[in-house]
Amino acid sequence: MSKIMYANYAGIKNEQHIPDAVAQSDLKNGFLVVKGLNDKGQHTATLPSNADECKGELWFVWNTITTPELDSDSDFTIKAGDFARIFKFKPDYPVNVTKDLIAGDVAIGKYLVADDADFGKLKVVDDATDYAVALVVTEPLITAQSKCYLCDVIA
């Protein structure tokens, strides 16, 4: 169950999001996306397509789960053309990130940045100075569904 979401009430209360960004490809909750506009003036959510976009301003997908009791991966998929809720990463508002979105060995103090080999996901790096959005791992957490990490947002 992929997920990036605010770790506390302050993040949820002060969120900045777009509830109707049109998905340009199939997306999953937790994927990193680039916000854009289509020719009709609608917001769009597009997976980063190159290393430069991975280093730019990114948002994350967090759609409402309609059947949480089923715990089904299909419930976390937003089909191309459907609306995706995308949220802005905000400094000082920590997020929880599930392990399935991360490539590499995660450790406290490491940085998570957009993965330019697996677009939409994260990778572990030692230095994130070239990235507009980076997460620093502060604590590993165990939940009923999976292992996740508490991260501070650096933007």
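**Barrel architecture and core packing of the predicted model**

The protein contains two helices and 14 strands, where helices (H or I, at least four residues) and strands (E, at least two) are DSSP runs numbered from the N terminus. The model is predicted, with local features requiring pLDDT of at least 70 and side-chain atom pairs counted only at pLDDT 80 or more, whereas totals for chains, interfaces and linings use all residues. Residues are numbered from 1 along each chain as its sequence is written, and side-chain values use heavy atoms, with hydrogens and water left out.

Five strands form a closed barrel in the order 2-5-4-6-8, with mixed pairing; two strands are taken to pair if DSSP finds at least two bridges between them. From one strand to the next, the twist averages 50°, with axes fitted as lines to C-alpha atoms and angles running from 0 to 180 degrees between N-to-C directions. Strand 4 (residues 32-37) is antiparallel to strand 6 and joined to strand 6 by two bridges; here V33 has W59 of strand 6 as its bridge partner. Strand 4 is also antiparallel to strand 5 (residues 43-46), and four bridges connect this pair. Strands 4 and 5 make up a hairpin with five residues between them, and G41 in the turn adopts a positive phi of about 85°. Strand 6 (residues 59-61) in turn pairs with strand 8 (residues 83-88) in the antiparallel sense over three bridges, F60 having F87 of strand 8 as its bridge partner.

Of the 155 residues in the protein, 42% are buried, that is, under 20% relative accessible area with a 1.4 Å probe and protein chains only, exposed being over 50% and partly exposed in between. The accessible surface amounts to about 7900 Å², and carbon and sulfur atoms contribute 50% of this area, as computed by the Shrake-Rupley method with a 1.4 Å probe. Among contacts with a separation of 6 or more, 63% involve residues 24 or more positions apart, contact meaning heavy atoms within 4.5 Å.

In soluble globular proteins, nonpolar side chains tend to be buried together. The largest nonpolar core comprises 39 residues, of which I4, L27, I86, V97 and L135 touch the most other members; such a core is a set of buried Ala, Val, Leu, Ile, Met, Phe, Trp, Tyr and Cys residues joined through side-chain atoms within 4.5 Å. Beyond its neighbours within four places in sequence, I4 contacts residues including G30, L32, F60, V61, W62, F89 and V97. A second, separate core of five residues includes V113, V125, Y131 and A134.

N63 occupies the loop between strand 6 and strand 7 (77-78) and is buried because its relative accessible area is 17%. The N63 side chain reaches the backbone nitrogen of R85 at 2.6 Å. Not counting residues up to four places away in sequence, N63 touches N29, I78, F83, A84 and R85. A155, by contrast, is found in the segment after strand 14 (147-154) and counts as exposed because its relative accessibility is 62%. With neighbours within four places in sequence left aside, A155 is in contact with P91 and A132. A155 and D92 are separated by 63 residues in sequence and by 9.4 Å in space, C-alpha to C-alpha.

Methods:
A polar contact is a pair of N or O atoms within 3.5 Å; within protein, one must be able to donate a hydrogen and the other to accept it, and residues adjacent in sequence count only if both atoms are side-chain atoms.
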